[in-house]
Amino acid sequence: MSATTEEKVLDVRPLPPPQKHPAIFATFDALTPGEHFVLVNDHDPIPLKHQFDFVRKGQIGWEYLEQGPELWRVKISRLTGDPVRDEAAAE
């Protein structure tokens, strides 16, 4: 991941396909509520959005910044904490 003082960017284009979603989820899980990163990909990551909606329901903000045809940029925000992880940390 490269980062500027203003924005974190995760470019998954050079990663092998099996490594893309784990890298994206790890980046998302490292965010605190209110933070975001920009995902850069070579195809529409809408299947990823559906996966996020299922496994991180209500926690994600999704905003297309660029929609192809060769490059997609999506601002992915963490809206809330992870209730399961937060509860475990509180114990």
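This is a predicted model: local features need pLDDT of at least 70, side-chain atom pairs count only at pLDDT 80 or more; totals for chains, interfaces and linings use all residues.

Tutor: Let us start with burial: a residue is called buried under 20% relative accessible area, exposed over 50% and partly exposed in between, with a 1.4 Å probe and protein chains only as cover. Numbering starts from 1 along each chain as its sequence is written, and side-chain values use heavy atoms, with hydrogens and water left out.

Student: In which order do the elements of the chain run from the N terminus on?

Tutor: Helices (H or I, at least four residues) and strands (E, at least two) are DSSP runs numbered from the N terminus, and here the order is β-β-α-β-α-β-β-α.

Student: Which residues are buried in α1, and why are they on the same side of the helix?

Tutor: In general, an α-helix has 3.6 residues a turn, so residues three or four places apart point the same way. In α1, which comprises residues 17–29, the buried ones are Lys-20, Ile-24, Phe-25, Thr-27 and Phe-28. They lie on the same side of α1 because they cover an arc of only 160 degrees around the axis, the arc being taken from the directions from the helix axis to the C-beta atoms.

Student: How do I read the pairing of β5 with other strands?

Tutor: Two strands pair if DSSP finds at least two bridges between them. β5 runs antiparallel to β4, with 7 bridges joining them, and antiparallel to β3, with 6 bridges. Ser-77 in β5 stands opposite His-36 and also opposite Gly-61. Since 5 of the 7 residues of β5 are buried, this strand is largely enclosed by the rest of the structure.

Student: How many aromatic pairs are there, and what geometry does the pair of Phe-25 and Phe-52 have?

Tutor: Rings of Phe, Tyr and Trp (its six-membered ring) pair if their centres lie within 6.5 Å, and planes under 30 degrees apart count as stacked, over 60 as edge-to-face and the rest as tilted. The count comes to 3 aromatic pairs. The rings of Phe-25 and Phe-52 are stacked, because their centres are 4.2 Å apart and their planes at 25 degrees. This pair links distant parts of the chain, with Phe-25 in helix α1 and Phe-52 in helix α2, 27 residues apart. The rings of Trp-62 and Tyr-64, by contrast, have centres 6.0 Å apart and planes at 85 degrees, so that pair is edge-to-face.

Note on methods. The expected span of a helix is 1.5 Å times one less than its number of residues.
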